[in-house]
Amino acid sequence: MKCRVCREPAIIDIRRHNANFCAEHFLRLCRDQVAKAIGEFEMIRPDERVLVAVSGGKDSLALWDILLEAGYEADGLYLGLGIGEYSDASGEAARAFASDRGLTLLEIDLPRDYGYDVPNGSRAARRVPCSACGLSKRHLFDDAARRGGYDVVATGHNLDDEAAVLFGNVLRWQTDYLGRQLPVLPARPGLPRKVKPLVRLAERETAAYCVVRGIDYIVDECPMAEGNRHLGYKEALNAIEATSPGSKHDFYFGFLARASARFQDDAEAEREHLHPCRVCGAPTPAEVCAFCRLVERAGGDPTPVHVAPPTVRLGARPR
Amino acid sequence: MKVLLRNPKREIEVSGSMQVSTLLARLDINRESVLVIRSDTLVAGDAWLDDSDDVEIRPVISGGALP
């Protein structure tokens with residue numbers, strides 16, 4: 001196989017583009033796709049401060065790298081989930097990436113700072129682990145962005161993630177979820193803007209980006225995610241993609257172009273009923289937000305004073 | 001060739017020279033869900049592998065909670 005651009009030997013074939021790329025032109029493709037997503041959906045302005053949600057995995061580290069390469073002012077936030085060796089290894093990957101490049105990495109550790117971990121929290125709240133984990137991440141990333149004065153939170157959701165979530169939402173016709181499944185969620189009182197600059201890249205491409213760039217990310221899957229529904233949806237979509245390249249892209253971007261707006265009223269109805277949580281002040285449709293209820297059930301403290309500002313900083317990046 | 005697989009991590013031995021796409025088909029692995037790495041370098045689907053190669057088949061699907 002030859003690179004579509006320069007005709008040198010290719011290192012990767014991307015069937016949905018019907019093209020092969022050498023290392024140099026593959027990196028350019030990834031950067032161009034992210035730039036296109038940022039521009040098309042008006043995700044980030046050049047003068048804005050970005051907080052990248054960093055897990056130590058391929059997507060978040062690729063995202064952080066690409067944003068920095070593009071010249072954005074981007075710090076990272078790593079959330080320690082208390083999932084044994086997996087959390088130890090993922091934290092090490094995030095810290096190594098930051099320290100090797102002189103970047104600022106903020107850290108929150110659930111057991112240390114909030115008195116619970118994802119395994120215990122999910123049991124106490126009677127949620128599946130991925131639900132308790134996602135809830136914690138959303139709340140704490142929003143909170144850290146607000147406290148740190150960041151304009152935008154960037155997450156590493158890729159095309160496969162978005163297509164799989166869409167697949168699940170459509171299977172159950174969760175119209176409120178469909179209404180807010182967007183690559184950009186605008187800022188609202190108490191909540192920063194949230195953006196997904198990797199939506200034009202498949203996760204095979206974000207992983208390949210890390211390999212080519214020499215980024216050490218945590219390869220092993222989270223042990224709590226084993227067998228979850230989201231993985232099943234991804235496998236189903238990849239089976240379709242294997243025989244019909246481009247299906248995931250068409251499914252997701254077709255939804256955004258032709259169907260998403262039809263569900264906006266359902267999502268908006270939920271937003272209208274938000275008010276401050278009695279415990280932490282975060283926007284919620286209930287008296288006490290889901291995060292505070294989770295922490296209280298798990299025996300932790302939802303508003304530890306020592307968490308603000310985030311607790312660990314590595315060397316600031318030279319600008 | 002030695003082939004490293006993940007989830008769970010294990011190593012298998014595969015005999016004979018073959019293309020990457022053939023190896024994946026023989027192991028019943030969907031090429032959309034993996035990268036193939038030889039000596040720290042990505043290899044495309046038509047690349048030839050032989051008995052002396054150390055190959056990693058790295059899954060790229062992650063399924064944990066998203067923020």
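In what order do the six strands of the open sheet in chain A stand? In this predicted model, the order is S5-S4-S3-S6-S8-S7, and the pairing is mixed.

**View 1. The pairing of S4 with S5 in chain A.** Strand S4 (residues 73–80) of chain A runs parallel to S5(A), with five bridges between the two. Within this pairing, Leu79(A) has Ile108(A) of S5(A) as its bridge partner.

**View 2. Helices packed on the sheet of chain A.** Helix H3 (residues 84–101) of chain A packs on the sheet, where it touches strand S3 (49–54), S4 and S5 of chain A, and its direction makes about 160 degrees with that of S4(A). Helix H6 (residues 129–148) of chain A also packs on the sheet, touching S3, S4, S5 and strand S6 (152–154) of chain A, with a direction at about 155 degrees to that of S3(A).

**View 3. The contact between chain A and chain B.** Chain A gives 37 residues to the contact and chain B gives 22 residues. On the side of chain A that touches chain B, the elements giving two or more residues are strand S1 (12–14), H6, helix H9 (203–213) and helix H10 (229–243) of chain A, and the largest share, seven residues, comes from H10(A). By class, this side of chain A consists of 19 nonpolar, eight polar and ten charged residues.

Terms used
Residues numbered from 1 in each chain as written. Chains lettered and ligands numbered in written order. Predicted model: local features only at pLDDT ≥ 70, side-chain atom pairs only at ≥ 80, totals over all residues. Pairing = 2+ DSSP bridges. Helix = DSSP H or I, 4+ residues; strand = E, 2+ residues; numbered from the N terminus. Contact = placed C-beta atoms within 7 Å. Axes fitted to C-alpha atoms, helices over the stretch in contact; angles between N-to-C directions. Nonpolar A, V, L, I, M, F, W, Y, C, P; charged D, E, K, R; others polar.
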